Amino acid sequence: MRERVSQKSLRFTESVIREMTRLCTAHGGVNLSQGFPDFPAPEVIKAEAARAVMADINQYAITWGAKRLRDALVAKQQRFTGVSYDPEREVAVCCGSTECMAATMMAIVDPGDEVIIFEPYYENYGPDAILSGATPRFVRLREPDWHYDASELEAAFTDRTRAIVVNTPNNPTGKVFSRAELEHIARLCQKWDVLCITDEIYEHILYDGLEHVGMATLDGMRERTITLSGLSKTWSLTGWRIGWCLAPPDICNAIRKVHDFLTVGAPAPLQEAAALALEMPQEYYRKLADDYAARRAVLVPALEACGFKPFAPKGAYYVMTDLSGFGFSDDVTFAQWLVREVGVAGVPGSSFYSDPASGRQRLRFHFARRRETLDAAIERLQTIPARLRAGQTH
Ligand SMILES: Cc1ncc(COP(=O)(O)O)c(C=O)c1O
């Protein structure tokens with residue numbers, strides 16, 4: 001029989017991260033795999049969403065975003081970065097930053113164009129590149145500090161390069177790109193006339209006094225940068241599916257068109273509440289980062305005590321670990337054993353690499369969890385050494 005599905009769809013698998021969540025539910029485990037909080041979202045924002053529903057803001061919003069939200073977005077961006085955007089021409093609100101990335105790639109890439117992606121990478125970037133027809137060129141972030149090799153990056157830029165994807169703070173590594181690294185990337189973008197798509201969804205979750213540097217704030221970059229972010233992480237609202245792109249008018253216009261024909265628009269009442277979220281005082285962001293730092297301080301040493309070798313993150317809410325001390329052949333076998341026997345779900349490291357072999361001894365956990373959830377996970381993880389001593393490895 002003729003193949004009934006597209007070649008494109010055959011080139012990527014179902015999301016490993018979402019699959020781990022399903023497996024975790026089936027085994028009644030503690031889920032430290034898919035990155036979403038198990039604590040409540042801020043009351044005032046929820047109340048505003050409920051008000052908007054009751055006020056009957058229930059029909060299509062303007063395709064590229066409700067006016068109130070676009071105005072709030074540019075005001076917040078100005079307040080935090082000093083960069084100004086035109087809410088009428090330079091903002092596109094989409095269904096999560098996931099759609100922002102897919103719509104952006106489709107808007108700027110032609111088949112055969114190359115897109116540079118640092119790896120390990122957030123798993124959606126691979127399929128996004130395939131769906132848009134881009135050829136991904138991967139540049140390695142190297143352990144233990146996840147630096148990249150300057151000459152390797154320089155060699156990845158060619159006449160065919162259309163864009164580079166930068167994700168800072170980074171999922172899955174917790175890397176925060178330094179200003180010097182971003183300036184280096186910016187120089188290469190300008191030299192090769194390349195666009196930068198910067199996924200800044202963790203822009204407010206940084207540790208150890210580090211500061212977030214937005215690519216668009218660097219000299220000469222505002223005009224060639226598409227900045228993506230959204231409600232999911234900073235406001236603990238992953239299920240609302242609200243994200244946004246800030247980009248120069250020609251690019252924004254193309255993104256808006258793609259977005260229109262993909263989804264028409266993001267949920268109207270939730271956009272009203274998103275506008276309110278963006279007006280939260282400085283204190284909100286400080287507390288967010290402090291609370292995550294406290295969770296990091298609980299999970300990272302506990303993982304080490306159980307036999308993992310964690311790479312302590314500098315930002316975002318993930319911790320990549322080295323599991324080579326446990327003697328398992330690969331990460332998928334280990335992750336399945338961990339969720340089935342120990343009752344904790346993480347994400348196999350191979351799902352973050354173009355060549356799965358590179359992540360065979362890596363597992364990622366996240367810590368967007370209440371203290372009691374983390375304690376329950378740790379209690380289970382502490383049983384690992386005894387299980388291994390007893391020879392239980394499958
Ligand atoms: C780097 C990165 N970008 C985007 C997303 C998805 O964001 P959204 O919920 O806005 O689609 C995630 C979620 O884990 C992420 O880690």
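In which sense, left-handed or right-handed, does H5 pass H6 in its crossing? The crossing of H5 past H6 is right-handed, as computed from a model that is predicted. The points below begin with this helix pair and then turn to the sheet, the pockets and the cavities.

**Helix pair H5 and H6**

- The axes of helix H5 (residues 96-108) and H6 come within 9 Å, and they cross at roughly 35°.
- On the H5 side the contact is made by Met101, Ala102, Met105 and Met106, while H6 contributes Tyr125, Asp128, Ala129 and Ser132.
- By class, the residues of this contact between H5 and H6 divide into 6 nonpolar, 1 polar and 1 charged.

**Open sheet and its helix**

- An open sheet is formed by 4 strands in the order S10-S11-S14-S13, with antiparallel pairing.
- Strand S10 (309-311) and strand S13 (347-348) each have a single partner strand and stand at the edges, so one side of each is left without a neighbour in the sheet.
- Between strand S11 (residues 318-322) and strand S14 (residues 362-366) the antiparallel pairing runs over 5 bridges, and Met320 stands opposite Arg364 in S14.
- Helix H12 (residues 282-305) packs on the sheet, where H12 touches S10, S11 and S14, and the direction of H12 makes about 15° with that of S11.

**Pockets**

- The largest pocket has a volume of about 710 Å³, and of the 30 residues that line this pocket, Phe12, Thr13, Glu123, Pro127 and Ser351 lie nearest its centre.
- At least two lining residues of the largest pocket are supplied by each of helix H2 (16-26), helix H6 (125-132), strand S4 (135-142) and helix H13 (331-342).
- The lining of the largest pocket comprises 16 nonpolar, 8 polar and 6 charged residues.
- For the second largest pocket the volume is about 480 Å³, and its lining has 19 residues, of which Phe80, Glu203, His204, Glu211 and His212 lie nearest the centre.
- Helix H4 (67-81) and H12 each supply at least two residues of the lining of the second largest pocket, and the largest share, 5 residues, comes from H12.
- The residues lining the second largest pocket divide into 7 nonpolar, 7 polar and 5 charged.

**Cavities**

- Counting cavities of 30 Å³ or more gives 2, and the largest cavity has a volume of about 50 Å³.
- The largest cavity is lined by Ile117, Phe118, Tyr121, Tyr122, Tyr125, Val165, Val166, Asn167, Asn170, Asn171 and Phe177; by class, these lining residues are 8 nonpolar and 3 polar, with no charged residue.
- Strand S3 (114-119) and strand S6 (161-167) each supply at least two residues of the lining of the largest cavity, and the largest share, 3 residues, comes from S6.
- About 30 Å³ of space lies in the second largest cavity, whose lining consists of Gln77, Thr81, Val83, Glu200, Gly214, Ala216, Thr217 and Thr227.
- The lining of the second largest cavity divides into 2 nonpolar, 5 polar and 1 charged residues.

Conventions:
Residues numbered from 1 in each chain as written. Predicted model: local features only at pLDDT ≥ 70, side-chain atom pairs only at ≥ 80, totals over all residues. Heavy atoms only, no water. 1 Å grid on protein atoms, 1.4 Å probe; cavity = no way out; pocket = protein on both sides within 12 Å on 5 of 7 lines; lining within 4 Å. Points joined across faces, edges and corners; volume = space filled by probe spheres on them. Nonpolar A, V, L, I, M, F, W, Y, C, P; charged D, E, K, R; others polar. Pairing = 2+ DSSP bridges. Contact = heavy atoms within 4.5 Å. Axes fitted to C-alpha atoms, helices over the stretch in contact; angles between N-to-C directions. Left-handed = near helix turned anticlockwise from the far one by under 90°.
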